[in-house]
Amino acid sequence: MLTLEQIESAILQLSPNEYHKLLEWFADLDYQRWDEQFEKDIADGKLETFAQEAIAEFEAKKFKH
């Protein structure tokens, strides 16, 4: 397995086009992992309190347009 230093060095050697492709790939990976964590948090009930608070505020008309 490569070390972080080796990865950083390899990135610095990329052409501008390859670097751009890496950035897009990394952003997609980051979004995918964020979505997976979000879905897990929902399934685990970690967002239930926030959801109930938002619903209560909406029903009490304490929201901004």
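I take buried as under 20% relative accessible area, exposed as over 50% and partly exposed as in between, with a 1.4 Å probe and protein chains only. By that rule, 2% of the 65 residues of the protein chain count as buried.

I note that this is a predicted model, where local features need pLDDT of at least 70, side-chain atom pairs count only at pLDDT 80 or more, and totals for chains, interfaces and linings use all residues. Residues are numbered from 1 along each chain as its sequence is written, and side-chain values use heavy atoms, with hydrogens and water left out.

Fold. I looked up the elements and found three helices and zero strands in the protein chain (DSSP runs of H or I, at least four residues, for helices; of E, at least two, for strands). The radius of gyration, over C-alpha atoms, is 20 Å, well over the 11 Å from the globule rule for 65 residues, so the protein chain is more spread out than a compact globule. That rule is 2.2 Å times the number of residues to the power 0.38. The C-alpha trace spans about 55 × 30 × 15 Å along its principal axes.

Aromatic pairs. I searched the whole structure and got two; ring centres of Phe, Tyr and Trp (its six-membered ring) must lie within 6.5 Å, and planes under 30 degrees apart are stacked, over 60 edge-to-face, the rest tilted. Trp-25 and Phe-26 have ring centres 6.3 Å apart and planes at 50°, so I log the pair as tilted. Both Trp-25 and Phe-26 are exposed. For Trp-34 and Phe-38 the centres are 5.2 Å apart and the planes at 10°, so this pair is stacked. Trp-34 and Phe-38 sit four residues apart in helix 2 (residues 16-43), about one helical turn. Trp-34 is exposed at 54% relative accessibility, while Phe-38 is partly exposed at 33%.
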